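Trainee: Hi, I have a model open and could use a hand reading it. Can we start with the charges?
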Amino acid sequence: MAVDALKCKECSTEYPLDARYVCERCFGPLEVAYTREQDVDVDGLRRRIQAGPHTIWRYADFLPLSSPPRSALPTGFTPLARADRLAERLGLGEVWVKNDTANPTHSFKDRVVSVALARAQELGFEVVACASTGNLAGAVAAHSAAAGLESYVFIPADLEEQKILGTGVYGTNLVAVRGSYDEVNRLCTELAGEHDWAFVNVNLRPYYAEGSKTIAFETAEQLGWELPDRVVCPVASGSLFTKIARGFEEWIDLGLLNGSVPTFNGAQAAGCSPVASAFAEGHEICRPVRNPDTIAKSLAIGNPADGPYALELARRTGGGIDAVTDDDIRDGVRLLAETTGIFTETAGGVTTAVLAKLAERGDIGADERVVIVITGDGLKTLDVARGTFETHEIEPSLEAFEAAVPTAVSA
Amino acid sequence: MAVLVKIPTQLRAVTDGEAEAEVDGGTVGEVLDSLFDRFGDLRERICDDGDLRRFVNVYVGGEDIRFLSGLETEVSDGDEVTILPAVAGGR
């Protein structure tokens, strides 16, 4: 697909493909527009994709870059694991886990950063920056280091230590702001107006957001060029949620996939659930949350940029947006770990807990094929595992072991 | 009441390149009206039917006016009003 222009999602005004993200006429968000191709050779296109590298660049045809991208870190093509034990535990038919912990910096943010950095380099930027709740911070720092670009990473000062350590190690300029993510984001929006830097999630946001489509492309390809019936995915800004749907839509339009867009269920933490609240109340826009309070810090965006579009997607596909408590989130992390061997950060706990909630409520049909998107690694939020299990400390003797540790039933 | 309004880069095409403007008004709504009196093309860019467009954020002293009283939020002499696009962020 040829990249056409940046286009306002609200009023359709078009702009050139440079570093801009907001419509000057109505302040609506800009999105990359592609020229729709006629008479696509579907088999040829599939073969070309299959012959590509085992990274997101096998989908370069569907990304907003003018030259073949290069990147030192291999992003994407993460496993799609069939989770029969999880399905059985929840009384569901078919559940798959899109395991994006398997990315270079252990979260889906490698996808969006890879695309944003490639575009930043095409546009001639030498400094890259971002506002982040942690995962994006690590990805920007790592990919900038690999590309030899200077970077500035702005985070809320109260972030999990694992995420701070896992970002600073790459040699970025790490700025810890005393405030919430929304305040960090506002600062970066102002800074983007003053410095000629590529803020991946501000002035490069239209390109950055496109990277999330690759989750849809991979999922469909890994399912044998088929669509899932339902997707359960975390919602913070709403960008990932809506772009996964866009990925499926683009391939349906091209004829690469047959069927309709899956049902989309969004997952939020009760301590910061502006989109879930608006969904429950039937609103079209989100009332911002001033003081997010949840262990799912990577989802703690009180003022979600794509909230209205996330609501529209959930309603249009017959899905929903649900919120779960911090205790549910801890249980979700444990449930996924115990049944699939995948250790997720708290955001994945939110997603797994919402899956459990939907199952319990009877919202998911027995014959449905469900994909849950696990966006980050549990090693990034280790504290959540503390105190959730017992350790047997013993003297190094057989007797001590037999006395202290219950023996497995089958032994 | 004299209030300083900070104007984002995306709107400076209609403010003759000005990055800030000092205007009068007792509420955010009145401040914006004074601003529109000076820069006529600004109104339709950020307002629709008298309300702020849904992707426009306005802050008084750094606080989102949706946490205050919206366009009715009172301002005092020397306050700073910031207009910013809502569309930014990921995480």
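Mentor: Happy to! Keep in mind that this is a predicted model. Chain A carries 37 positive and 58 negative side chains, and the centres of those two sets lie 4 Å apart.

Trainee: Thanks! How many helices and strands does chain A have?

Mentor: Chain A has 14 helices and 13 strands. With a radius of gyration of 21 Å, close to the 22 Å that the globule rule gives for 411 residues, chain A is as compact as a globular protein of that length.

Trainee: And what box do its C-alpha atoms fill?

Mentor: Roughly 75 × 45 × 45 Å, taken along the principal axes.

Trainee: What share of the residues in chain A count as buried?

Mentor: Of the 411 residues, 58% do. As for the surface, chain A exposes about 16,600 Å², and carbon and sulfur atoms supply 47% of that area.

Trainee: What about contacts within chain A, how many join residues at least 24 apart?

Mentor: Taking contacts between residues at least 6 apart in sequence, 69% join residues at least 24 apart.

Trainee: Okay, switching to the partner. How many residues does each chain put into the contact between A and B?

Mentor: Chain A gives 48 residues and chain B gives 29 residues. Between them the two chains bury about 3,000 Å², with 56% of it on carbon and sulfur atoms.

Definitions and conventions:
Residues are numbered from 1 along each chain as its sequence is written. Chains are lettered from A and ligands numbered from 1 in the order in which they are written. This is a predicted model: local features need pLDDT of at least 70, side-chain atom pairs count only at pLDDT 80 or more; totals for chains, interfaces and linings use all residues. Side-chain values use heavy atoms; hydrogens and water are left out. Helices (H or I, at least four residues) and strands (E, at least two) are DSSP runs, numbered from the N terminus. The radius of gyration is taken over C-alpha atoms; the globule rule is 2.2 Å times the number of residues to the power 0.38. Buried means under 20% relative accessible area, exposed over 50%, partly exposed in between (1.4 Å probe, protein chains only). Contact means heavy atoms within 4.5 Å. Accessible areas come from the Shrake-Rupley method with a 1.4 Å probe; for residues, only the protein chains shown count as cover. Lys and Arg count as positive and Asp and Glu as negative; His and the chain ends are not counted. The place of a charge is taken as NZ of Lys, CZ of Arg, CG of Asp or CD of Glu. Buried area is the accessible area (1.4 Å probe) that two parts lose on being put together, summed over both.
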